[in-house]
Amino acid sequence: MEILKVAFVTPGAYAVPSPRGGPVERVVEKVVPLLASSVEARIYGCTARGLPKRERWNGADCIRYPAADKSAYAERVLRSLAAYRPDIIQVENRPLLVRKIRRRMPGARIWLSLHSTTFISPPYLGPKMTRACLRMADRILVNSEYLASQVRARAPETADKIRVNHLGVETDRFGVLDPDAERHRRGWGDRRIVMYVGRLIPRKGVHHLLAAMPRLIRDVPNVLLVIVGSAFYGSARRTPYVKRLHKMAKPFAKHVHFQPYVSHPEIPGWFAMAHAAAVPSDEREAFGLVNVEAMASGVPVVAARSGGIVEIVEDGVTGFLVEREHLTQGLADRLSQLLRDDPLRERMGRMGRERALSRFTWAHTAQRWLEEAGSVAQHRP
């Protein structure tokens, strides 16, 4: 049987590979090389300084087009797909592109890989167009049961097309650094560190975390909240929300450290320093890779009980889930508990790492994808 030809079409926002890339590109960067021995893989993405327009990378062909004009980017991808004629075209997180490809290539086998609800919701797409685009996909891959439920709610007739494939973590990079050495390197050897890693946008809930600080400081006088991230990938530009966060932190500046955007390869070192990780995201969080990365680092997680997070963090075992109606109080209570109880924190950290390694690795993600693709290979003419 001939090997399957598979095209992975990224949105054209960031290059693959790229340390500045967003989460969509990161998933492609981590999963596709693990598939390359089993399929003929081709990745479409945008150009970037230092990267050729075409190259063989980690077993996959990478084709890069300028993406400043999204319509021109899509058109060039479409022309290449028509010539390449892959067995599977996997569109990453852009349902409108599924529609364009279907119109141009009616007989193509198109999979839509959804990473969030952003592009199946207003203002990006209205209900009617969302349903139409979802119906045009042959498979809809989602990263959580929560996201699957959101797709079913928007297009119930697509229920039998949906497949859940949880995301993963690099087990050889997270949880391998010496926490004490990392803290001392920063001059934080005597601090109890709460780590937040992610974008600084309202729905990530960092304001709730800062609102919990007065109580945390009272209970744990040497606490340090480290906020790693910016409003935009690869940029330290301050938005009104970021300015609001800095204003909230000003009364207890000795207990809050803002670290603007850092590249993903640096993230394991930051999680290594943490005694606890905080993830106060709202109900739209489809998965939340930072939860898995913290757990793989042996760090217990205190997170909002929302979205796909409940499928990752096991409440009372690998961390705590906090009700959104009482988020500020819940964050303060649970973080304080973890920072003051070493045996509990260490036990939850061990359980979290075990859970991450047994259920949430990129190897698991790739294997599930291959199992799904197997049905295509069996029915190919």
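**Rings, helices and contacts in a predicted model**

Biologist: How far from the ring centre of Y84 is R42, which lies over its face?

Modeller: A charge counts as sitting over a ring if NZ of Lys or CZ of Arg is within 6 Å of the ring centre and within 35 degrees of the ring normal. Keep in mind that this is a predicted model, where local features need pLDDT of at least 70 and side-chain atom pairs need 80 or more, while totals for chains, interfaces and linings use all residues. Numbering starts from 1 along each chain as its sequence is written, and side-chain values use heavy atoms, leaving out hydrogens and water. For R42 over the face of Y84, the distance from the ring centre is 3.7 Å.

Biologist: And which ring has R94 over its face?

Modeller: The distance from R94 to the ring centre is 3.7 Å. The ring in question belongs to F119.

Biologist: What sort of aromatic pair do F8 and W369 form?

Modeller: Rings of Phe, Tyr and Trp (its six-membered ring) pair if their centres lie within 6.5 Å, with planes under 30 degrees apart counted as stacked, over 60 as edge-to-face and the rest as tilted. By that rule there are six aromatic pairs. F8 and W369 sit 5.8 Å apart, centre to centre, with 40° between the planes, so by the cut-offs the pair is tilted.

Biologist: How many residues apart are F8 and W369?

Modeller: Helices (H or I, at least four residues) and strands (E, at least two) are DSSP runs, numbered from the N terminus. F8 is in strand β1 (residues 4–9) and W369 in helix α14 (residues 362–379), so the pair links distant parts of the chain. The gap between F8 and W369 is 361 residues.

Biologist: Is W369 buried or exposed?

Modeller: Buried means under 20% relative accessible area, exposed means over 50%, and partly exposed is in between (1.4 Å probe, protein chains only). W369 has 4% relative accessibility, so W369 counts as buried.

Biologist: Which of the rings F8, W111 and W369 are linked into a cluster?

Modeller: Ring pairs do the linking here. The members of the cluster are F8, W111 and W369.

Biologist: What is the angle between the planes of F119 and Y124?

Modeller: F119 is buried at 17% relative accessibility, whereas Y124 is partly exposed at 29%. Their ring centres are 4.5 Å apart and the pair is edge-to-face, because the planes are at 85°.

Biologist: Within what arc do the buried residues of α9 fall?

Modeller: In helix α9 (residues 240–249) the buried ones are Y241, V242, L245 and A249, and they pack against α7 (206–211) and β11 (256–259). On the other side, P240, K243 and K247 are exposed. The arc is taken from the directions running from the helix axis to the C-beta atoms. Looking down the axis, the buried residues line one face of α9, because they fall within an arc of 100°.

Biologist: What is the separation of the C-alpha atoms of C46 and A236?

Modeller: C46 is in strand β2 (residues 39–46) and is buried, with a relative accessible area of 5%. Contact means heavy atoms within 4.5 Å; beyond its neighbours within four places in sequence, C46 is in contact with residues including G12, Y14, R64 and Y73. A236 is 190 residues from C46 along the chain, and their C-alpha atoms are separated by 22 Å.
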